[in-house]
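Me: I am new to this structure and would like to go through it step by step. Could you show it to me before I ask about its parts?

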Amino acid sequence: MAVRLSSTFVFRKLHQLTGILPLGVFLLEHFYTNSKAMTGAADFNNAVRDLQSIPYVIFVEIGGIFLPLIYHAVYGLFITWEMRPNNVAYPYPRNWFYTIQRVTGIILFFFITFHVLNFRFGLIPGLNELSVADHPNQAFDIVSREFANWAIFAVYVVGITATVWHLANGLWLFAVDWGIVIGERAQRMAGYACIAVGLLLLAVGLNAQVAFIRPGGLLGLIGLAS
Ligand code: HEM
């Protein structure tokens with residue numbers, strides 16, 4: 001018997017899938033590369049140079065990051081526009097998480113647009129007009145110069161926190177919606193696991209950010225950097 005899938009169902013599943021693969025996986029790679037800043041400018045610059053030497057890198061970026069990101073962002077904004085928040089009438093955690101997933105999505109839309117134009121393309125006039133990707137020898141210096149500005153630093157703290165929340169809650173939504181965790185107890189345990197993953201990712205993301213202005217990052221501040 002042939003099964004007919006509605007286009008909304010397919011668009012929705014594709015939206016959920018792109019959030020995990022490639023976007024979630026890319027975020028892990030991105031935090032890994034950023035964490036190279038913990039051991040200094042040369043290590044970070046080498047990591048940027050290695051990434052830029054991937055054969056056909058521009059096509060890898062377009063197919064593996066930009067297109068899935070644009071699809072997920074535009075369809076996510078459409079879902080948000082259609083949303084029916086009920087966290088005020090029913091103040092349960094799941095209802096709040098529903099609203100926060102959409103609010104962080106909107107924050108991410110603006111943050112990622114700014115971040116990509118700024119560091120990948122160097123297109124924010126008056127702020128940074130050098131692309132980090134095209135100037136690996138200066139990559140660390142470009143980022144650390146910008147993070148010395150407390151307003152830019154604060155924008156990145158908000159952006160990283162919103163991204164990690166969105167991914168950690170998204171992992172839980174995905175696992176439940178795709179039938180990977182079934183049953184109330186399993187879903188509760190998966191919720192705790194996603195909180196743990198989120199806290200760990202937040203620590204790694206912010207530690208890497210601080211490493212651009214303080215050697216070793218947050219760990220360096222308490223004498224634990226290697
Ligand atoms: C750029 C702007 C973005 C917007 C506007 C956006 C919007 C949304 C919205 C509205 C949802 C909820 C869908 C639902 O409940 O059915 C969602 C889910 C999700 N997003 Fe995003 N998002 C964005 C970026 C990202 C990024 C960068 C990542 C990865 C780091 C990501 C990962 C996820 C995941 C894993 C889910 C859960 C999928 C599911 O519901 O099963 N999103 N997004």
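Me: Against which helices do the buried residues of α5 pack?
Reply: This is a predicted model, in which local features need pLDDT of at least 70 and side-chain atom pairs count only at pLDDT 80 or more, while totals for chains, interfaces and linings use all residues. Residues are numbered from 1 along each chain as its sequence is written, and side-chain values use heavy atoms, with hydrogens and water left out. Helices (DSSP runs of H or I, at least four residues, numbered from the N terminus) are the elements here, and contact means heavy atoms within 4.5 Å. The buried residues of α5 pack against α2 (41-52), α4 (93-120), α6 (150-177) and α7 (184-211).

Me: Which residues of α5 are buried?
Reply: Buried means under 20% relative accessible area, exposed means over 50%, and partly exposed lies in between, with a 1.4 Å probe and protein chains only. Helix α5, which spans residues 139-147, is mostly covered, since seven of its nine residues are buried. These residues are Ala139, Phe140, Ile142, Val143, Ser144, Glu146 and Phe147.

Me: Which residues are the protein donors of the iron atom of the ligand?
Reply: Donors are N, O and S atoms within 2.8 Å of the metal (3.2 Å for Na, K and Ca), and sites may look incomplete because water is not among the atoms. The protein donors of the iron atom, lying 2.1 Å from it, are His72 (NE2) and His166 (NE2).

Me: Where in the chain do His72 and His166 lie?
Reply: His72 is buried, and so is His166. The pair links distant parts of the chain, 94 residues apart, with His72 in helix α3 (residues 57-81) and His166 in helix α6.

Me: What is the geometry of the site of the iron atom of the ligand?
Reply: Six donors count as octahedral if opposite donors are over 155 degrees apart and all others between 65 and 115. The angles among the six donor atoms run from 86 to 178°, and the site is octahedral.

Me: How many aromatic pairs does the count come to?
Reply: Rings of Phe, Tyr and Trp (its six-membered ring) pair if their centres lie within 6.5 Å, and planes under 30 degrees apart count as stacked, over 60 as edge-to-face and the rest as tilted. By this rule the count comes to 18 aromatic pairs.

Me: What is the angle between the planes of Tyr75 and Phe78?
Reply: Tyr75 and Phe78 are three residues apart in helix α3, which means that about one helical turn separates them. Tyr75 is buried at a relative accessible area of 11%, whereas Phe78 counts as partly exposed at 34% relative accessibility. Their aromatic pair is tilted, with 5.6 Å centre to centre and an angle between the planes of 40°.

Me: Why does the pair of Phe119 and Tyr156 tie together parts of the chain?
Reply: The rings of Phe119 and Tyr156 have their centres 5.7 Å apart and their planes at 35°, so the pair is tilted. Both residues, Phe119 and Tyr156, are buried. The pair ties together parts that are 37 residues apart in sequence, because Phe119 lies in helix α4 and Tyr156 in helix α6.

Me: Which residues form one aromatic cluster?
Reply: Among the members of this cluster are Phe119 and Tyr156.

Definitions and conventions:
Helices (H or I, at least four residues) and strands (E, at least two) are DSSP runs, numbered from the N terminus. Four donors count as tetrahedral if all angles lie between 85 and 135 degrees; four count as square planar and six as octahedral if opposite donors are over 155 degrees apart and all others between 65 and 115; anything else is irregular.
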